[in-house]
Structure formats: structure tokens, C-alpha cells
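Dear colleague,

I am passing on the structure below, together with some notes on what turned up in it. Please read them alongside the coordinates.

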Amino acid sequence: MAIQWFPGHMHVTKKAVLERAKDTDVVIELLDARLPGSSANPMLAEITQGIPTLKVLNKQDLADPESTAAWLAYYNAQPATQAIALDASELAPAQRLVAGCHILAPNRGGMAKPMRVLVCGIPNVGKSTLINTLKGKRAAKTGDEAGITRIEQRITIADDFYLYDTPGMLWPRIVVPESGYILAASGAIGRNAYDEEEVALELLANLRRHYLPLLQARYRLGSAESLADLDDATLLEEIGRKRGTLLGGGRVNLQKAAEIVIYEFRQGTLGRITLETPEEFTGWLAAGQAADAKRQAKKDARKKRGRGNADNVPTDTDAVDGPAADEENNAS
Ligand code: G4P
């Protein structure tokens, strides 16, 4: 089952970002270096279209350096875009952002034309950490839980350089199912929106494709040959057994095992890992968009039939792709 999330204060945030975008010289889009494609908010791209963008691949200390280099090359090849990878808690790389903004908007600077920079990103991506590093003290405190609304803050980095901070923003509908799992694994989505066991199984499937040696080393698993025949559920069970998450009768507590795998991925205990390459993500996106377009076409056809049918009686085919699947997903 694909993950659905509750976007919380999305509408308020979207309005604030839309308003601010009118007077923005550069957008700093914080991405998670372990999932650059999946952590990019498509809604943000729409809102900030035409504004030079600095893509910051944050948490690079947790990501696979080779993949980070591939993602940087991918983004730097895009027009009006600069990409930088960093660890938001380190000052020198964070200061490179200021230089990056001046490259993207060379006509801004000086008291008469201060640089106005909008900082955006999904929850937990590291916005507060980055702003605090740049500011040199605790300048921004976020409240990313649903219901806590933090209207934009202006942070003065220099007399002619302002940052506008926005609350973490997710988008209302997941088009790429793989991204839903990856975002959940990264910690960007509230715990109530997903099932840990399901996310751990998807995470394991991803990790065994690209980082099997890291899994073997961390959980003292057998040889690649002996693991090849195990399905993901059996692998999770095996990990639980190794880590002693046992219930009575020798059964494994899969929930606990799932929590361990997710936690250790998040903390970087498994090693430096990136869950998607530019090619993989591009493929997922194309498939997701095609499926979405198909769903939309079905929905439109149903609507058309409904209009042509005075009684509006549902037909058999209506049940195939239930209407709920197409609504903005607000399940939490
Ligand atoms: P946000 O404002 O975008 O929501 O994110 P915030 O700065 O609060 O950062 C979320 C978590 O990510 C924090 O961990 C923070 O220390 C960590 N973080 C931010 N940037 C980096 C980075 O470049 N590298 C690493 N390794 N971690 C980073 P936390 O306080 O432990 O929170 P949590 O992870 O337990 O939720």
C-alpha cells in the first residue's frame, strides 16, 4: 500500500511562500542528499518557477559520496541552477551558499538592493540547522508538527543579505510511490502516516540492491549467495533474530526489527547511503506520472459518464479505481 501523508499546515505555508516568492532573488531549496529527487517538493518548483535556485544537498555526511557527486552533476547541468552538498552544521560550506547566491543573482547586493533569499525544504531536512549555522546562534526554531504554524521569519545574515525561512512543506499527493517509502524512511513524514514494517521492507529491498555488504556487516548476515534466496520479510526476520527482538516461542518481533533498521539508516549507523540515483528517480517519476495521468483520465471519463447519466448510477468500472484514490490524500 502506498504511503499517504497529512500535509498539515500546507495551505498556510504555500500562501506564505507564494507571497514571498514575488520579492525573492534566489531560492535555496534544501534537499536530503540521501534522497535528492524524492525530497524535492514538486509544488515548490511550481511556485518558484523562474527564480534562480540553489539546490543544497544537505546531510551529505550521511549520503554516499559517489551518488552525491552524480546528483550534483545532474543538478548543475540544469539552467539557472547551482547545486552544493554540505553538512548544515559546518560553517565554511554553509558560507559558500552566500557566494552561490551572488553568482545566481549578480545584480543584487549593497544596501539599496539587498539579496533576498527564500529557504525552503521538507520537514526535518535541516533548515533550522543551516540557518543557525549561518546566523551563528539559535535564530530559527521550527515547529513542523501539524497545527503549529510558523509564519515566515526574516534572518539578517549581513546588512545586504536576508534569508526568509519557511516552515517545512510536503505536497498533497504522492505521484511516485517509491518516494513515499523513501521519505518515510528518512524521517520526513509523521510516524502516524506509515507502517514501519512496510517501510522497513521497502528500505531493505532498496539496500540489498545497492548496499548489501553494509547490511551483511551491520547485522552479521550470511554470504550474498545465502541471502539471495531470502525474500525481504525473511531478511527482516533474520535481522530481528540477530538483534534479539524476540517474542515468546522464538517468534521475532518484526515491528521492533523494523524500527531498528529504520533508526540505524537514519542515524547513518549502517554507513553512508543514498537511496536513489538520478536515473532511478527519473524512471520512477516518469512511471508515477504516467500512472497518475491514467488515473486522471479514468476519473474524467467517470465524470463525463456521470453527467451523461441522469440517474448517476455507478457502473462496474467505477469500482476498479475507486474515487478515493484520486482525492487529495489526507489520511494520517
Ligand atoms: P528542519 O528545520 O528542516 O525541520 O530540520 P532541523 O534543522 O531541525 O534538522 C532535523 C534533524 O536533522 C536534526 O536532528 C538535525 O541535527 C539533523 N541535521 C540537520 N542537518 C544535518 C546534516 O547536515 N547532517 C546530519 N547528520 N544531520 C543533520 P535531531 O535534532 O537529532 O532531530 P531528529 O533527527 O531526531 O528529528
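Accessible areas here come from the Shrake-Rupley method with a 1.4 Å probe, and for residues only the protein chains shown count as cover. On that basis the chain exposes about 16100 Å², of which carbon and sulfur atoms supply 52%.

This is a predicted model, in which local features need pLDDT of at least 70 and side-chain atom pairs count only at pLDDT 80 or more, while totals for chains, interfaces and linings use all residues. Residues are numbered from 1 along each chain as its sequence is written, and side-chain values use heavy atoms, with hydrogens and water left out.

The chain has 12 helices and six strands (DSSP runs numbered from the N terminus, H or I of at least four residues for helices and E of at least two for strands). Of its 332 residues, 48% count as buried, meaning under 20% relative accessible area with a 1.4 Å probe, protein chains only.

Helix α5 (residues 127-135) is mostly covered, with seven of its nine residues buried, among them Lys127, Asn132 and Leu134. The cover over these buried residues includes the strands β1 (26-32), β4 (115-121), β5 (153-158) and β6 (161-165) as well as helix α4 (91-104). After α5 comes Gly136, whose phi is positive, near 90°.

Glu280, found in helix α12 (residues 278-308), is buried yet has no salt bridge (a side-chain nitrogen of Lys or Arg within 4 Å of a carboxyl oxygen of Asp or Glu). The nearest side chain of opposite charge, Arg209, is 4.3 Å away, where Lys and Arg count as positive and Asp and Glu as negative, with His and the chain ends not counted. Leaving aside neighbours within four places in sequence, Glu280 is in contact (heavy atoms within 4.5 Å) with Arg209, His210 and Leu275.

Best regards

Definitions and conventions: Buried < 20%, exposed > 50% of the residue type's maximum accessible area, 1.4 Å probe, protein only.
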